[in-house]
Amino acid sequence: MPRDTRVRGRSRALAAVLLALALLLTACTAESGDGKGPVRLRFQSLAWQQESVEVNRKLVDEWNAAHPDVQVEYVQGNWDGVHDQLLTSFEGGEAPDIIHDASDDLADFAYGGYLADLRGLLPDRLKKDIPRRTWGTTEFGDGVYGVPFLQEPRVLIADADRLRESGVRIPTPERPWSWREFGQVTERLSGKGRYGVAWPLKDPVSATLNLSMSAGGKLFHRGADGKVDIRFGAGDAVMPRTVRDQVNKDRSAARTTLGMSASETLPGLFGGKYAMVPLGFSFRQQVVQQAPKGFDWQVLPAPAGSEGLTQGVSPQTLSIAEDSPHKKEAMAFIDFLLRPANMVRLALGDWMLPTGTQALADPALHTTEHDWATGTALARHLSPAPAQTVRGYPEWKDKIATPALQEFYSGAIGLRELRGRLEEDGNLVLARYQR
Amino acid sequence: MSPLLTGRKAGTGRKARTGRATHTSPATRTSPATRAAQYAALLGYLVFLAVPFLWLLSTAFKPARELGSLHPTWIPKDPTLENFRQAFDEQPLLDAAWNSFVTAASASVVAVLLATPLAYTIARRRTLLSRLSTAWVVISQAFPFVLLIIPLFLILKELRLIDSRPGLIMVYVVWALPFALWMLVGYVRAVPPELEEAAAVDGAGRLRTLVFVTAPLLAPGIAATALFAFVSAWNEFFFALVLLKSPEKQTLPVVLTHFLGAEGAADLGPLAAAALLATLPSLVLFAFLQRRITSGLLAGAVKS
């Protein structure tokens, strides 16, 4: 190799090393610490849709402008991995002061002593504004560990043209379909490679438990000693049996969607393959974004059973870290964020329903545009999800219920086998958490 | 200077080897059918690797209405840059990419600087300690992240390295080191000790031998190891999610999850556009280093 080439090569290598070291030095630049001054709070939000992030940021700015002595820093969190991230932060004493999460994720944190009991902090206005049953989603033991503020019912998003063409009765919150009628309707809407419904059941547990409440399904039964056991009763079987029959018996539900997530079923709805898809109310935003021009869609209430339109929900919540030295200020910020007018802004940004009764009465949430009114009419039927306060639920869900329900829906096992696995195997799991 | 140190002798050896390599035995010659099958398998593998990337590319340029189509096409009917505009509007992607680059580059440099002498020692000195080190390297790969993260978090907190790039770099170095070490030990063992002995005979000291004889032969291995460390740090999500709090320090994989909602909801177009951006540095780096690694591997292929 000629000497000048070697020298050039070494110079390049040296330059590369210097550049890398320079990068390292840049990276290692010391962070400046906070001096004394106003109280500083960190608010970790899981808002992710553009409008929702904008509303949250604006509200934080408004608070900061009006409260120079209590400054809130907006921190963008992620739904993906939030549980592990919070758990680590709690263990390390570095948790955000104000925490946005879902109520079904709070049990372990609340029982673990990581979240502040809000009973002595909650203002009367907020206590009264949110219905008693909704507070049940954030009550663990004797304490209240979060303020539920947004929630969404599961609804049927339907191809309006196909419903009209078929001549089926269009359900309303006042006159919903029964589960039986729903099965008949989907059968009528099926044929020639088209299906009446597509059930996105990649994660079947939440949908099954929450919709089963309409038929009196409860599954988790708490005894006088406070311990929970699993009993799969007649009410628990109504919804799963309907879906299984749709998939395996009359073929009015598409088998392929059993392994899909909710978003993945939308192209089939737009393309006329499915007449209806059961989705969360907030999925309307994706429908508005992605539906082809001229696609006429509408929101229908989920089928009703012996308990009417009742269904379980896990609202989004705002909690305060037990380690936060400024709990009063944090609650004052939450109170500001959840004033009725602000709650409406948050709800519109997230395409969800507010939990506050005053916010729910706002005319902006009762319009026929995007069927807001249908969802709002369902709000009074929403109850805490059955597994809300059950310790060990995540393990039961992942190890027992998810595979059992997937096998049941696909037709691999029958109702007796499903009941056996949910009850016997499930109670063994729960017992470990309740010793 | 010794001919060995100037590389002339190595060049001669390479020529001689090339000559020997051309004497292929008829028994090992590949039949046309086998060759065709090999090419078919290679093509299949390339397609398998390329499909996700091409789909990502296609999705990034599709308008929202096409994303919802029941009959998706490979080539967008109405290509748009709207997803990129939206992605950049909604999230600080360039800042996040810079954060990822600084962190990954720093981690890979430090990992290589630490791993190279360690690997040399393990490969050349076959003591009980080196065998134990190798065993530890293998075992350490089996620890799940969730087991490590809380103790790691507490240690970094004591060191005041939570929410700091040096803390994350340190984690990535520790994380990449075992595998980097493992890789480099293999490369060091491939360098014949006779070359170092010859340099010693020619009067070169240990350091000079390491720098001018061993290191150039290890260059492709070092490049490959650095690339591995860079890519693994560039793609890493969980440690970055847990250890960094300030929005301005977040890395690209963490920022990408801001396009995801609960229950599988996703802002697919902007997510694909941002993910495409995230794949580019790795691709560019591979394209840049691939030739050097390959040529270096051949240059270092000395048969003892």
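1. In what order do the six strands of the open sheet in chain A lie? The order is S2-S1-S3-S14-S6-S15, and the pairing is mixed, where two strands pair if DSSP finds at least two bridges between them. Helices (H or I, at least four residues) and strands (E, at least two) are DSSP runs, numbered from the N terminus.

2. This is a predicted model, in which local features need pLDDT of at least 70 and side-chain atom pairs count only at pLDDT 80 or more, while totals for chains, interfaces and linings use all residues. Residues are numbered from 1 along each chain as its sequence is written, and side-chain values use heavy atoms, with hydrogens and water left out.

3. The edges of the sheet are strand S2 (70-76) and strand S15 (353-354) of chain A, each of which pairs on one side only. S15(A) runs antiparallel to strand S6 (residues 147-151) of chain A and is joined to that strand by two bridges, with A:Gln151 standing opposite A:Leu353.

4. Helix H14 (residues 340-350) of chain A packs on the sheet, where it touches S6, S14 and S15 of chain A; contact means heavy atoms within 4.5 Å. The direction of H14 makes about 45° with that of S6(A), the axes being lines fitted to C-alpha atoms, for helices over the stretch in contact, and the angles running from 0 to 180 degrees between N-to-C directions.

5. A:Ser214 is found in the loop between helix H9 (204-212) and strand S9 (220-222) of chain A. Among the residues that A:Ser214 touches, not counting residues up to four places away in sequence, are A:Trp179, A:Pro303 and A:Thr310.

Terms used
Chains are lettered from A and ligands numbered from 1 in the order in which they are written.
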